[in-house]
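User: Please go through the fold, the helix packing and the aromatic contacts of the model below. Give the cut-offs as the terms come up.

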Amino acid sequence: MRSVEGKTTDIRTIFRTEEFEEFYNSLNIKVKHKFEYTFGLVQTVYALPVKYVKHLDGTDLYEMRVSVGSKVYKGLQ
């Protein structure tokens, strides 16, 4: 995380579509917490491993990946 005069600064902005919000709202609390953690990483860490995000070829979109137990959840950003 970067800090400027004691304030946390974001290096990326996350846009959440209505479709994503519907998907997110259907998740259990444990998965939501993992998504929130991953949102924080995406916003504050420069070099992100593909474990968390992957660029979708031929688009401007990124796929966010969250794993909880043996399940993997994917959302487009």
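User: In what order do the elements of the protein chain run from the N terminus on?

Analyst: This is a predicted model, in which local features need pLDDT of at least 70 and side-chain atom pairs count only at pLDDT 80 or more, while totals for chains, interfaces and linings use all residues. Residues are numbered from 1 along each chain as its sequence is written, and side-chain values use heavy atoms, with hydrogens and water left out. The protein chain has 2 helices and 5 strands, taken as DSSP runs numbered from the N terminus (helices H or I, at least four residues; strands E, at least two). From the N terminus on, the order is β-β-α-α-β-β-β.

User: What percentage of the residues of the protein chain count as buried?

Analyst: Buried means under 20% relative accessible area, exposed means over 50%, and partly exposed lies in between (1.4 Å probe, protein chains only). The protein chain has 77 residues, and the part that counts as buried is 27%.

User: How are H1 and H2 oriented to each other?

Analyst: Two packed helices are described by the angle between their axes and the distance between the axes. Axes are lines fitted to C-alpha atoms, for helices over the stretch in contact, and angles run from 0 to 180 degrees between N-to-C directions. Helix H1 (residues 18-25) and helix H2 (residues 29-44) pack at about 135°, with axes 10 Å apart. Angles under 35 degrees count as roughly parallel, over 145 as roughly antiparallel, 65 to 115 as roughly perpendicular and the rest as oblique, so H1 and H2 are oblique.

User: Which residues of H2 make the contact with H1?

Analyst: Contact means heavy atoms within 4.5 Å. The residues of this contact divide into 5 nonpolar, 1 polar and 2 charged, where Ala, Val, Leu, Ile, Met, Phe, Trp, Tyr, Cys and Pro count as nonpolar, Asp, Glu, Lys and Arg as charged, and the others, Gly among them, as polar. H1 contributes Phe-20, Phe-23, Tyr-24 and Asn-25, and H2 contributes Lys-32, Phe-35, Glu-36 and Phe-39.

User: Is the ring pair of Phe-20 and Phe-23 stacked, edge-to-face or tilted, and what is the angle of the planes?

Analyst: Rings of Phe, Tyr and Trp (its six-membered ring) pair if their centres lie within 6.5 Å; planes under 30 degrees apart count as stacked, over 60 as edge-to-face and the rest as tilted. The whole structure holds 7 aromatic pairs. Phe-20 and Phe-23 are 3 residues apart in helix H1, about one helical turn. Their ring centres are 5.9 Å apart, and the pair is tilted because the planes are at 55°.

User: Which residue lies over the face of Tyr-24?

Analyst: A charge sits over a ring if NZ of Lys or CZ of Arg is within 6 Å of the ring centre and within 35 degrees of the ring normal. At 4.7 Å from the ring centre of Tyr-24, the residue over the face is Arg-16.

User: Which residues does Thr-38 touch, not counting those up to four places away in sequence?

Analyst: Thr-38 is in helix H2 and is buried, with a relative accessible area of 0%. Thr-38 and Arg-65 are 27 residues apart in sequence and 8.3 Å apart in space, C-alpha to C-alpha. The residues touched by Thr-38 are Tyr-52, Met-64, Arg-65 and Val-66.
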